[in-house]
Amino acid sequence: MFYTNFIAKLKEEKLNQLEESYLFRLSYAKFMPHIIILSICLVMTPFLLVIFKKEGLNMFVGLIIVLALMSIAQIVNCFRFKFEIKNGSIFYRTFEIKLDEIKNCNLKYGVLPKAKKMEVFLDIITVNKEEKIIPLHMHNKKLFVMVLREMLKERFLIIEDK
């Protein structure tokens, strides 16, 4: 979804009622490549064992197994990704951001640190002058932004692309 379309949909829609808690998981598009790689590895391994065992290329089969294990690790990591909004806080793995302590929250479109492509992200600045950057990789990012906009009111800004 392009950023201008995303902003337009955010401005059109309003959140009817806030729920007690929200849970946001990773978008399926982010971990589907790992599932495909794992599937290919699992299908290819028995054939490669038979073919390359005769040729003496066991190292190639070992690389396929290592690739499969790395894919499994990434899939497990993808399932652990979750943002939770409840009791006036945002929880993600090891950190908690209390909504009362947020000084400013900006919805931006740009290049994230250690990234190469343009993405939509939230730039949160707390009262302690800590900066938290949350990339919007979750499944229902529009709802996530609408909930934060509703909870933060005037502290939430949408930085439009110029």
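## Leu107 and its neighbours

Start with Leu107: leaving aside residues up to four places away in sequence, this side chain touches Tyr3, Phe6, Leu10, Val120, Phe121, Leu122, Leu136, Val145, Phe156, Leu157, Ile158 and Ile159. Keep in mind that we're looking at a predicted model here.

Leu107 also turns up in the largest nonpolar core, which has 33 residues. Together with Phe83, Leu122, Leu136 and Phe144, Leu107 touches the most other members of that core. Helix α4 gives the largest share, with six residues. There's a second, separate core as well, made of eight residues, among them Leu38, Cys41, Phe52 and Ile75.

To pick out one spot, Asn104 has Ile125 of β6 as its bridge partner.

## The antiparallel sheet

The other sheet to look at is also open and four-stranded, with the order β1-β2-β3-β4 and antiparallel pairing. Its edge strands are β1 and β4 (95–98), each pairing on one side only. Here the twist averages 15° from one strand to the next.

β2 and β3 pair in the antiparallel sense over four bridges, and Ile85 stands opposite Ile90 in β3. Helix α4 shows up again: it packs on this sheet, touching β1, β2 and β3, with its direction at about 30° to that of β2.

## Aromatic pairs

Now for the rings. The model has seven aromatic pairs. One of them is Phe81 with Tyr92, an edge-to-face pair at 5.4 Å centre to centre, with 65° between the planes. This pair links distant parts of the chain, as Phe81 is in the loop between α3 (58–80) and β2, while Tyr92 is in strand β3, eleven residues apart. Phe81 counts as buried because its relative accessibility is 10%, under the 20% cut-off. Tyr92 is buried too, with a relative accessible area of 17%.

Phe83 and Phe144 make a tilted pair, 5.7 Å centre to centre and with 55° between the planes. Again, distant parts of the chain are linked: Phe83 is in strand β2 and Phe144 in helix α4, 61 residues apart. Phe83 counts as buried at 3% relative accessibility, and Phe144 is buried with a relative accessible area of 0%.

## The ring cluster

Which residues do the ring pairs bring together? Tyr22, Phe24, Phe81, Phe83, Tyr92, Phe95 and Phe144 are linked into a cluster. Phe95 has a charged neighbour too: Lys132 lies over the face of this ring, at 4.9 Å from the ring centre.

How values were computed. Residues are numbered from 1 along each chain as its sequence is written. This is a predicted model: local features need pLDDT of at least 70, side-chain atom pairs count only at pLDDT 80 or more; totals for chains, interfaces and linings use all residues. Side-chain values use heavy atoms; hydrogens and water are left out. Two strands pair if DSSP finds at least two bridges between them. Helices (H or I, at least four residues) and strands (E, at least two) are DSSP runs, numbered from the N terminus. A nonpolar core is a set of buried Ala, Val, Leu, Ile, Met, Phe, Trp, Tyr and Cys residues joined through side-chain atoms within 4.5 Å. Buried means under 20% relative accessible area, exposed over 50%, partly exposed in between (1.4 Å probe, protein chains only). Contact means heavy atoms within 4.5 Å. Rings of Phe, Tyr and Trp (its six-membered ring) pair if their centres lie within 6.5 Å; planes under 30 degrees apart count as stacked, over 60 as edge-to-face and the rest as tilted. A charge sits over a ring if NZ of Lys or CZ of Arg is within 6 Å of the ring centre and within 35 degrees of the ring normal. Axes are lines fitted to C-alpha atoms, for helices over the stretch in contact, and angles run from 0 to 180 degrees between N-to-C directions.
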